[in-house]
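These are my notebook entries from a first pass through this model. I wrote them for someone who has not seen it before.

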Amino acid sequence: MNKTLITVAVATLALSSATLATADETVAVVAPTPIISGAVSLDFAETAANKTAGTMGVELDIDAGDLATVDLDFKATDGDSLKLDTWTVGTTAGAVALAFGDSNGLLPETGANTTADGTLNVSTMTESLQVTMGAASVAVGLTDWTTDVSEVSNLQGAYTVDAGIVDVTASADYNRTSENTVLGAEVAGLDLGMVTAGGMATYDMDAEAMAFEGSVAVSGLEAYINGSDTNKLQHVGGEYTMNVAGAELSAGIDYDTDAKDWKPTAGLSFNF
């Protein structure tokens, strides 16, 4: 009996010691390592004087994310200094993700080569606070957060539904100054075998104006077509991208159906 009690006592002491030792151990937390990437690019495009002009650019992206997220995108062109182009900082608490920065717009954006070739009515949103929970997101835009963080310029919201074969997103923007609302809709990820298709549209409530854009992607080719309710076909264009020995080559073109003008572009990028 005594041997049994001694055995139990020793086992209990050993278990307690192991538990205390485990409790006293210092758990090493590995901080997320920032991912730095960049690119040096040479871009060529036609100017208003019908000349072909080149631009040398440098991009540097710093991304770090785990519990906290930091996304800093720097850009520079030949003869200019490196400047912060877009930025976002945020964190996730449970099922809620918070992000603050200047690239949190929720309305669909054109896939055209430049914004000038796009027809969608995308409301301007500068610095904003975005809150995401599941498939729903809300962004509160600020007029000038460096002057007054309580001055709200516009509100945006979006909700995405996984419809099986496609993702469908409905969005809206409300401008507090003009009291105008712009509605947005997007269908993405339609798999047609070798081709992936999608489409998007916006509707300006005050102007009663709708704009749309359709897109397809196959291998390295991405093409688009856009227009509006008053001008059904405005731009047709696309861009082909391929990798050659570590360099990224791209060639694109946009056709303005109104001006009957072709706008070719070309680029060479070295990523690191």
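**Entry on W145.** I looked up W145 in this predicted model and found a relative accessible area of 33%, so W145 counts as partly exposed. I then asked which residues W145 joins in a cluster of ring pairs, and the search gave W87 and F100 as the other members.

The pair of F100 and W145 is edge-to-face, with 5.2 Å from centre to centre and 70 degrees between the planes. F100 lies in strand β5 and W145 in the loop between β7 and β8, so this pair ties together parts that are 45 residues apart in sequence. F100, at a relative accessible area of 18%, is buried, because buried means under 20%.

I noted that the whole structure holds four aromatic pairs. In one of them, the rings of W87 and W145 have centres 5.9 Å apart and planes at 45 degrees, so I recorded that pair as tilted. This pair also links distant parts of the chain, with W87 in strand β4 and W145 in the loop between β7 (136-144) and β8 (148-162), 58 residues apart. W87 has a relative accessible area of 15% and is therefore buried.

**Entry on salt bridges.** How many salt bridges does a search of the whole structure find? I counted three in the result, and I went through them one by one, keeping in mind that side chains of opposite charge can pair when their charged atoms come close.

The side chains of K75 and D85 form one of these salt bridges, at 3.7 Å from N to O. K75 sits in strand β3 (residues 68-77) and D85 in strand β4 (residues 83-93), and the two are 10 residues apart. I checked the exposure of both partners: K75 is partly exposed at 39% relative accessibility, and D85 is partly exposed as well, with a relative accessible area of 37%.

K83 and D80 meet through their side chains in a further salt bridge, again at 3.7 Å from N to O. For K83 I noted a relative accessible area of 47%, which makes K83 partly exposed, and for D80 a relative accessibility of 40%, which puts D80 in the partly exposed class too.

The remaining salt bridge joins K263 and D117, whose closest N and O atoms are 3.2 Å apart. K263 lies in strand β16 (residues 261-271) and D117 in the loop between β5 (96-101) and β6 (128-133), so the pair ties together parts that are 146 residues apart in sequence. Is D117 buried or exposed? I found D117 to be buried, with a relative accessible area of 2%, whereas K263 is partly exposed at 28% relative accessibility.

**Entry on the nonpolar patch.** I next looked for nonpolar surface and found a patch of about 390 Å², made by L221, Y240, M242, V244 and L249. Strand β14 (residues 235-244) gives the largest share of this patch, with three residues. L249 belongs to strand β15 (residues 247-256), and at 33% relative accessibility L249 counts as partly exposed.

**Entry on the whole chain.** The secondary structure of the protein comes to one helix and 16 strands. Of its 272 residues, 24% count as buried, and the accessible surface comes to about 16,900 Å², with 62% of that area belonging to carbon and sulfur atoms. Among the contacts with a separation of 6 or more, residues 24 or more positions apart account for 31%.

**Entry on confidence.** The mean pLDDT of the protein is 85, and 85% of its residues reach 70 or more. Where is confidence lowest, and where is it highest? The lowest mean, 38, is in helix α1 (residues 2-24), and the highest, 97, is in strand β9 (residues 167-175). Over residues 1-27 the pLDDT is below 50, and this stretch has zero contacts in the model beyond near neighbours in sequence.

Technical notes
Residues are numbered from 1 along each chain as its sequence is written. This is a predicted model: local features need pLDDT of at least 70, side-chain atom pairs count only at pLDDT 80 or more; totals for chains, interfaces and linings use all residues. Side-chain values use heavy atoms; hydrogens and water are left out. A salt bridge is a side-chain nitrogen of Lys or Arg within 4 Å of a carboxyl oxygen of Asp or Glu. Helices (H or I, at least four residues) and strands (E, at least two) are DSSP runs, numbered from the N terminus. Buried means under 20% relative accessible area, exposed over 50%, partly exposed in between (1.4 Å probe, protein chains only). Patches are made of residues with over 30% relative accessible area and no salt bridge: like charges are joined within 9 Å, nonpolar side chains (Val, Leu, Ile, Met, Phe, Trp, Tyr) within 5 Å. Accessible areas come from the Shrake-Rupley method with a 1.4 Å probe; for residues, only the protein chains shown count as cover. pLDDT is the predictor's confidence in each residue, from 0 to 100. Contact means heavy atoms within 4.5 Å. Rings of Phe, Tyr and Trp (its six-membered ring) pair if their centres lie within 6.5 Å; planes under 30 degrees apart count as stacked, over 60 as edge-to-face and the rest as tilted.
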